[in-house]
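The tour below goes from one selection to the next.

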Amino acid sequence: MSYQPAIRPTFYFIGVTTAKSSIMKVFPEWARHLGLGDVEMKGIDFVPHDEPERYREAVAFLKSDPLSLGALVTTHKLDLFAACRDMFDEIDPHALLMEETSCLSKRDGRLICHAKDPISSGLSIDGFLAPNHFADTGAELFSMGAGGSTIALTWHLMQRSRGADRPTRIVVSNRSQARLDHIAAIHRQLGTDIPVEYRLAPRPEDNDAILAGMKAGSLVINATGLGKDAPGSPLTDQGVFPQRAVVWELNYRGDLVFLDQARAQEKALQLQVEDGWTYFIHGWTQVIAEVFDIEIPVSGPEFDAIAAIAARATGRG
């Protein structure tokens, strides 16, 4: 890929199909609202699990180009970190623990690697779950996909500071064993007292079987990227959600088959179904605040105004 020096302050989005993301419509409106000045956003697309050399080429460019301010990274969080770890001048504690990057920023010429997902996923979860959901129901967590998002959200829900408001059991499934081994190693570092199962699930039918064993009220998450970065769902249409489950589709765009599957059962099973819109807002605002070195509230009237701008820009509101 040929990288051209930025001619104005530029913020990058490293993903798979960045041109299709709502952020391309939202960011200019946010930039005006936040007073960021004459700034530009550009997408950089890689295929999932791309060659390490391609990630290194992009990071080398961002590091050396004066007007390239930083980037949000999605889908490639683990792979980019593994390929470029030696290129970062500083790695924040979350990124060091989780061995991923969702944000690249610069300070005084130093390239800094951040993992913002523990913050943004936590804000999203605590925003839609009823207070003391796990404590009151004894519910479990089933997250399909063992990438950066599941690492972050399990970290959040494992925190001992949550007291009894934590899942009674966590199940993580993935199509490949390597990702399961990686998240298991991170969980061992955390020293959690919550039982965790790591289940190899190369077929959607495998996830159906796991789903059938989850308790009522459980939080069930599609963190695979299926429905956005690739077509389909981690479940078949025969998969049955637990009664009164909270079902979270991390994506907000794409064919979102998993979301449709949940909504088809929503009334009969009394499900609470959530998409990834609020996660999108928190994820982007956390990174924008870091890259541009500004404060963005995570709740209250100003956050509501920012969310409303995004909704209007995308026709969601």
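This is a predicted model. Begin with the loop that joins strand S2 (40-45) to helix H2 (52-64), and select His-49 within it. Show its backbone: phi of His-49 is positive, about 55°, although the residue is not a glycine. Most residues other than glycine have a negative phi. Is His-49 buried or exposed? Its relative accessible area is 54%, so His-49 counts as exposed, the cut-off being over 50%.

Next, select Thr-75, in the loop between strand S3 (68-73) and helix H3 (77-84). Thr-75 is not a glycine either, and its phi is positive, near 70°. The relative accessibility of Thr-75 is 29%, which makes it partly exposed.

Now move to the open sheet of six strands. Select the strands in the order S9-S8-S7-S10-S11-S12; the pairing is parallel. At the edges are strand S9 (196-200) and strand S12 (272-274), each pairing on one side only. From one strand to the next, the twist averages 15°.

Zoom in on strand S10 (residues 219-222) and strand S11 (residues 246-249), which pair in the parallel sense over four bridges. Here Ile-221 stands opposite Trp-248 in S11. Strands of a sheet pair through backbone hydrogen bonds.

Finish with two helices. Select helix H5 (residues 117-128): it lies across S10, S11 and S12, and runs at about 145° to S11. Then select helix H7 (residues 148-158), which packs on the sheet and touches strand S7 (141-144), strand S8 (170-174), S9, S10 and S11. The direction of H7 makes about 165° with that of S7.

Note on methods:
Residues numbered from 1 in each chain as written. Predicted model: local features only at pLDDT ≥ 70, side-chain atom pairs only at ≥ 80, totals over all residues. Heavy atoms only, no water. Buried < 20%, exposed > 50% of the residue type's maximum accessible area, 1.4 Å probe, protein only. Pairing = 2+ DSSP bridges. Axes fitted to C-alpha atoms, helices over the stretch in contact; angles between N-to-C directions. Contact = heavy atoms within 4.5 Å.
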